[in-house]
Amino acid sequence: MFPHTFSVLSEGFAADPYRYFAQLREQAPVHYEPTIDSYFLSRYEDVKRVLTDHEEFTTGILEVRAEPVMRGRVLAQMTGAEHAAKRGIVVRGFTGRALQDQMRAVQATAAELMAPFLPRGRVDLVNDFGKPFAVQVTLDVLGLERKDRQQVAAWHSGIAEFITSLGLTPERRRHCLECAERLEARLLPLIQQRRRQPGEDLISKLCTAEFDGIALGDRDVIALIINVLAAATEPADKTLALLFKHLIDHPEQMAQVRRDPSLLPAAIAETLRYTPPVQLVPRRAEQGAVFAGTTVPPGATVFCMIGAAHRDPEAFTAPDAFDIHRPDLGAARSFTAAARHLAFGTGLHQCIGAAFARAEIETVAAMLLPLLDRVRHSPGFRYRESGLYTRGPVALPLDFTPRPVP
Ligand code: HEM
């Protein structure tokens, strides 16, 4: 039997949760974690049920898990007409012509950040490139100034820590709230300026948009900005690094993608299935519920374990194999509401940034692959991941044969 002492908060689980997923699904599919009074669901069908039954399983939990650092209510807390209208406003900022312009900016940012490491033949794809790249791209989309990157990145990491921690000390909590307050203070004058002189950026679109004939107030705009900043930045650099890690570890699939870059969307989709960067999605079980014979009481916090659900053999054949050709995933629908994987969530609150994330990662991977000739892990490197909520490589040092920059 699965040991009663098992905890998702243990060091062993933090080091490699994938080692435990099969046992959890088979022996403890509704794992209760007493210190944080929460239930962890690991089977695909249970996770999908929670994410699609919005009456029984609500996002009420975000009042405490997100709202304090978002400085207002986030999209994921809303339902009905308000959710549809505000979601529509934000989606407009990431689709159609806006998306084409953004991909030009993505290329320029990637080229600028690549330039210093290309002649060296060595890069840490997480810390030298992925993290600054993801923050910069989000700042560009929002229309925040580039000179603020480091400062905003520091505030963002405090905000992300608040949302993704399963147990914050009072000191860390204070620090995170201070980050959010400072970001809010920086954003307020900018919002006033964009109300007077709107541009093409997302902040301008939020400032000029109307909901029910009424313009969004400052608090609404701030919460939506921080919502996008947190939601778009965290998973992007992780997905890029994980894509390269899996392709390097599967040289025959790397060779296929190099020969035929139209396979990139399938490789990105399989990366999101195999190692989803958002591992946990929380909900509140309003009336209580029964999963696999175990009762979850009314008002309980349930965490959907996306990584465990994706390795469920009931959902995917040979789930522990990384296979960009797997027929049971369907690359074409993997970035739409019909996706089989749950990396973007599913149902009402499914990610609005899926198309953007695909375009962003595909654009930058297509630029990097031909430049990183014979790319391999740097000698002596020991692979490590961190994060229970969002999860990705701590570092990814790579060696490659430098090529002249075109
Ligand atoms: C690989 C990249 C990404 C992954 C894996 C990801 C994952 C997710 C997940 C799992 C959810 C659902 C949360 C829930 O059900 O409570 C979500 C929601 C959301 N995501 Fe993403 N995301 C990514 C990129 C982005 C980007 C680039 C943006 C912005 C452009 C974005 C903005 C949002 C927003 C605003 C929501 C809330 C939607 C709502 O509640 O209606 N995400 N994302």
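1. Strands S1 and S2 form a hairpin with 4 residues between them, and Asp 37 in the turn has a positive phi of about 45°. The model is predicted: local features need pLDDT of at least 70, side-chain atom pairs count only at pLDDT 80 or more, and totals for chains, interfaces and linings use all residues. Numbering of residues starts from 1 along each chain as its sequence is written. Strands (E, at least two residues) and helices (H or I, at least four) are DSSP runs, numbered from the N terminus. Two strands pair if DSSP finds at least two bridges between them. S1 (residues 30-33) runs antiparallel to S2 (residues 38-41), and 4 bridges join them. Glu 33 stands opposite Ser 38 in S2.

2. S2 is also joined to strand S10 (residues 300-305), here in the parallel sense, by 4 bridges. Thr 301 in S10 is the bridge partner of Ser 38.

3. Two residues call for a remark on backbone geometry. Most residues other than glycine have a negative phi. Asp 37, although not a glycine, has a positive phi of about 45°, and Asp 37 lies in the loop between S1 and S2. Burial is judged by the other C-beta atoms, placed from the backbone, within 10 Å of a residue's own: 20 or more make it buried, 12 or fewer exposed, and counts in between partly exposed. Asp 37 counts as exposed because it has 9 C-beta neighbours inside 10 Å. Ala 292 likewise has a positive phi of about 45° without being a glycine. Ala 292 is found in the loop between strand S8 (289-291) and strand S9 (294-296). With 13 other C-beta atoms within 10 Å, Ala 292 is partly exposed.

4. The largest nonpolar core has 110 residues, and those with the most contacts inside it are Leu 41, Val 47, Ile 159, Ile 225, Cys 304 and Met 305. H12 gives the most to this core, with 18 residues. Such a core is a set of buried Ala, Val, Leu, Ile, Met, Phe, Trp, Tyr and Cys residues joined through C-beta atoms within 7 Å. Cys 304 touches, among others, Leu 41, Val 47, Val 50 and Leu 280, not counting residues up to four places away in sequence. Contact here requires C-beta atoms, placed from the backbone, within 7 Å.

5. The ligand is surrounded by 25 residues, of which the closest are Ala 76, Ala 231, Gly 345, Cys 351 and Gly 353. Helix H6 (80-92), helix H12 (218-249) and helix H16 (354-371) each supply at least two residues of the shell, with H12 giving the most, 7 residues. The shell divides into 18 nonpolar, 6 polar and 1 charged residues. Nonpolar covers Ala, Val, Leu, Ile, Met, Phe, Trp, Tyr, Cys and Pro, charged covers Asp, Glu, Lys and Arg, and the others, Gly among them, are polar.

6. An open sheet is formed by 3 strands in the order S4-S14-S11, with antiparallel pairing. Strand S4 (122-124) and strand S11 (373-377) stand at the edges with a single partner strand each, so one side of each is left without a neighbour in the sheet. Neighbouring strands of this sheet are turned by 25° against each other on average, direction ignored.

7. S11 and strand S14 (residues 397-401) pair in the antiparallel sense over 3 bridges, and the bridge partner of His 377 in S14 is Leu 398. Helix H8 (residues 125-142) packs on the sheet, touching S4 and S14, and its direction makes about 65° with that of S4. Axes are lines fitted to C-alpha atoms, for helices over the stretch in contact, and angles run from 0 to 180 degrees between N-to-C directions.

Terms used
Near = placed C-beta within 6 Å. Contact = placed C-beta atoms within 7 Å.
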